[in-house]
Structures are given as C-alpha cells and as structure tokens.
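I have opened my notebook for a new entry. Have the structure beside you and follow along as I look things up.

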Amino acid sequence: MTSGSTTGSPSPEDYRKREESITISSEPVGETHELLTLNIGPHHPATHGVLRLITTLEGEIVRDVQPIIGYVHTGIEKTAEDKAYWKVIPVVERMDYLGYYFNSMAFCGAVETLLALEVPPRAQYLRVIHLELNRIMSHLVWLGTSALDLGAISMFWYCFREREKILDLFEMSSGQRMHTRYFQVGGVMEDIPRGFEPKLRAFIKDMPTRADQYADLLEKNEIVLQRLRGTCPLDQETLLKLSVTGPLLRAAGHPWDLRKAAPYSSYDHFSFRIPVGTVGDNYDRYRVRHAEIYESVKIIEQALDGLPEGPHITDDRKVALPPRHELATSMEALIHHFKLVTEGFRVPPGEVYYPIEGPRGELGCFVRSDGSAKPARVHMRDPSFVNLQAAAPMVKDSYIADLIATLAMMDPVLGGIDR
Amino acid sequence: MPDATGLELTAQELRDADAESILGTVFHRGQATLLVNPSSVHGVLERLQSKGYSFLASLHGCDYYPEEPRLGVLYELLDMDSVDRITVKARVHTDAPRLASVVDMFPGADFPEREVFDMFGVVFDGHPDMRRILMPEDYEGHPQRRDFPIGGEPVLFTYNEERSYGKWQ
C-alpha cells in the first residue's frame, strides 16, 4: 500500500486504512443499547502475550471477538530453511517458549522418520522424562498466570516455586534452563549426570502434594468457582470441527491423546490415564490440566524406574557426532566430526508429518527434504494457533470478565501462534 | 496409517467417483499421500470426510521451486476412530494460485488457509475472510516462497521510515 503520507509520522487515517478490513462498528441495537467496539491488547496482562482482541460489546456482554495476531512473528519457519538440520533444533525450540522440548521432539521425530533412524531405548526414555517434566512446567506457568488473571496472586508464586525446581533439573541435564537443545536427531545430547536421579525423585515425590495444595487453594475458593464453573462451555462436535485438540478437547469429554492413540517414543510402555471433563466449561479445562500434572508425575516415575541401559544417542556416525575421545585416535571419527559440523548430514528426499501430544494439543511438524543438508520446508502445526479459533465461539454472548477467564483457560502461547 | 494397498484402494474409490480427481499416490516412510487435481480438492475432501477422515489435523503450504507446479497445499486428515492419517496434496502454479476453500466443511481451516495465503499467496475461493494473518496488512510479497530473499529487510525506525519497504515510492 503506498497511501502513506510523505512527511513525518503516519496519520491516524493511515492506520485506519491499513485495518479497513476490521469492522469498527457502533450500530444502535434497539432503543437503548448500542454496540461498542473495544480493543484489548496487543500489550495487555490478561492476553498472555502479544495478542490483540477486537471485541464487540453490548453493555458487558461480548457479541463478537476477533483475534489479531502476528505481533511476534519472527519467520522461524523461513529461518529453518536456511540452516542445516541439526542447527534448526534451537530455532524451532523458540516457537512455543513454554514447550521447547516438545518443539524439538516434533522436529527431531520428523527428521528421524525421514532418515528411518532408530532411537536407542535409553534416549527414548530420557526424552519421555524431559517431555513430561516440560508438560508439568508448562501447566504450572499456565496455572500461575491463569490464577493471576482471576485475581489470585499467591498461586503465581507457588507455581513458579515448583517450576524453578524443574528448570534446575533441566539445567543439570543440559546446562540450560530454557531452550535447552537437549534433544538431538537420533537421541539426546548427553546422558543425565550423577545426582540428577535423586533430585528428580525428590521432585516427583513432592509434586503431587504440591498439586493437592494448589487444588485446596483454588477449589474451595468461592470467587474461583464462580468464575470458572459453567462459564463459556463448548461442546465436542464444535471443537472437533474447529480442529481443537489437547486439554480443551479433553475437557469436553473426548479422550483424545496421541500418547495413547498413536504412541511415540515408548509411551506405550507406561501406564497412565487420560483425564477428561464432562461439559467443557472453564472449570473442566482447569481440572483436566490439573489432573494431567499427576499423570505426568506417574509417567516420569515409571520411566525413571525402567530406564534402560545403553547409549543415549544413535551410533550412526553419519548423523550423530562421534564421542570426544575418539577424535584423538581415529581419523574416521575426525572426518565424521568435520563433515557434521561444517555441512551437517544429508536427508533423503521426502515429506513427513510427525504429530506429538504437546501440552496444548497436537503439535505436528512437517518437514520436506530435497536431499540436501538443509530442510526445504519446516512447518509447525502449533496447537495454540489452531485452538485460538475456538475463542470466538466460546465467549460469544458471555460477560467480558468471562472472556478473560476463558482466554486464561485456553492457555495460548503467542510465540507458538505467531512463530 | 493406511498401508500401501489401502492407499491404492482409497485412490481407486475416489477415481470411481470422479475420474479426474486423483493424479497419483505416494507412500513414503509409512505415510500415505494422495496427489489430487486442484479443481477437485473440495470434492475429494468431502468424500474422505464421509469415509471417516473427519478431523483436519493440519493444513499447510509448501513451495516446490524450481519444480512446476510450484505451490503445494497439504491437508493432513485424521480418522480418530481407527487412528488413521492420510495426506491430501494439491499443486498449483504461481500464475493462478487458486484453490477452493474447505472452511465450509472444516471451520478449523480458517486460520491455516489465511496463513497459506499470507506465506505463499494461494487464494482460497469461498473463504469468508481471505487476508493476511501473520504479516502486516500492507506487506508486499509472500515470504515463505523459496525465491523470496532471506534477510536484507531494514529494521524500521522513525528516522528511516520514509525509506522503508513499500514507502519509498
């Protein structure tokens, strides 16, 4: 569009013109009411990121809500096309910044499928441990910030206290607290260090008690109950048509979980349950995620008890770096190391879509390879992006206060939505 | 996943309903893909939906530069009862990148179709709100295309706003 003014900053008319497709209406409804368009965001504490909502209100009742996204679009999918496969991992980890292990798992899984690469059992179990820790961590951030939206500030501190412990564990195993780059194509970066297991055992012993305490704080609180129970329900059929997955779908009573339905990374070795709700209101959404924390703890416990011995990464030297000590003695190891670090590994041509169960729903990674050392296309089907479409049908004809509660219970992560 | 035989059977079934609809099948790494004629995407998805693939898991674009037709749109369909996935792929040329929208069948295709339009320039006929979703509304070009350069776009500050992309004219 070339309609900008030639001097100084753009006038308000320019902004209006750019957004002309957004309906800004003030139509009279009946004798006494009129519709009011209210802009929420992009920077608003209750929008969980840089999300902008254009709401059409009649009094305090939301008649329509239109999410405007793209404020933190960083072109990660485009950047990934310019990087060697193993250098893509830290890039995709930064999309959904609360589920970094899931992003790297989806990407590594897709590349491993293209390579037809076997992941050693120990690496699969280590992945499960970290994925489930990440799921608990993501749910803790969700619970803390959601409670904050409902006015319960102490919940935030309690949840972040436990989250710190998980981040300490991540720091132990990979050296980083966030965006750890722990998962590699073919396995994990390093075996867990000594001292990790007792610390993790202490955490999983502690966590169910902490989750009980959260429930005691919230579920006997009249304000929380009134704001969650019966507000903004959406039935299964509508959710399925809107391609919604994850806790939102399970809250409406549909027990769809890819860990059970199409197990990957040895999830079929563990016994756990899928929490489901009944009516799909905000209370069910809260309960489902809260119950998932206990199930994740169970999975971690089983994975830690049954952790198999063996290598933590594939011994295919064409994909994984040789161990450090081999470089001093083996010429072949040195060549492999040099080729992997400079060029990366080549992946046979093909396309693959690899879905996993993220903390917010189906996280699918589509990778197309043209036979070179860089992916020709990487696409993440981010659950937050798809689930956001359910915001309007959920909050239609409810109070604006319920809009805030519903948005909190939807748990969108804008880094994942905008990518 | 349907196996290779299952994929051929499905393809034949769809060909019986509309002889022109299926251009080919690909079975790679255990994943089944149907290559469909761009003009019959809507019909094929409707038939697959009634066959049980009623959940649209993902919809995304892909640029096959320098192959022709360049742009591909992939529909990842899922049958939740038999836990079965099938990919439907349609390829269109860049000079007339048009496909029928499937929002009427799958309301969840709304945002993904807008994203494909934004990133690749594929126009979905019948979409209720066909405009950019991630890039600014006044953005020119479709950045996810393979011939779109990476980098080189200046960071916008007040002092260089006049010289910025789309303003210099």
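Before comparing helices, I noted how axes are treated: they are lines fitted to C-alpha atoms, for helices over the stretch in contact, and angles run from 0 to 180 degrees between N-to-C directions. Helices (H or I, at least four residues) and strands (E, at least two) are DSSP runs, numbered from the N terminus.

This is a predicted model, where local features need pLDDT of at least 70, side-chain atom pairs count only at pLDDT 80 or more, and totals for chains, interfaces and linings use all residues. Residues are numbered from 1 along each chain as its sequence is written, while chains are lettered from A and ligands numbered from 1 in the order in which they are written.

**Entry 1: two helices of chain A**

I looked up α7 (residues 196-219) and α12 (residues 282-305) of chain A, whose axes come within 10 Å and cross at roughly 160 degrees. That makes α7(A) roughly antiparallel to α12(A) (angles over 145 degrees count as such; under 35 is roughly parallel, 65 to 115 roughly perpendicular, and the rest oblique). Residues that touch here (C-beta atoms, placed from the backbone, within 7 Å) include L200(A) and I204(A) of α7(A), and I293(A) and V297(A) of α12(A).

**Entry 2: helix α1 of chain B**

I found that α1(B), residues 4-17, has 14 residues and reaches 20 Å from its first C-alpha to its last. That is close to the 20 Å expected at 1.5 Å a residue, where the span is 1.5 Å times one less than the number of residues.

Which residues of α1(B) are buried? They are T10(B), A11(B) and L14(B) (buried means 20 or more other C-beta atoms within 10 Å of a residue's own, exposed 12 or fewer, partly exposed in between). They cover an arc of only 100 degrees around the axis, so they sit on the same side of α1(B); the arc is that of the directions from the helix axis to the C-beta atoms. T5(B), L9(B), Q12(B), R15(B) and D16(B) are exposed on the other side. The buried residues pack against β1 (22-28), β2 (31-36) and α2 (41-50) of chain B.

**Entry 3: G61(B) and its strand**

I next checked G61(B), which is in strand β3 (residues 55-63) of chain B. G61(B) counts as buried because it has 26 C-beta neighbours inside 10 Å. Beyond four places in sequence, its contacts include L71(B), V116(B) and Q144(B).

**Entry 4: where the chains meet**

I saw that 31 residues of chain B are in contact with 39 residues of chain A. On the side of chain B that touches chain A, β3(B) gives the most, with 6 residues.

How values were computed: Contact = placed C-beta atoms within 7 Å.
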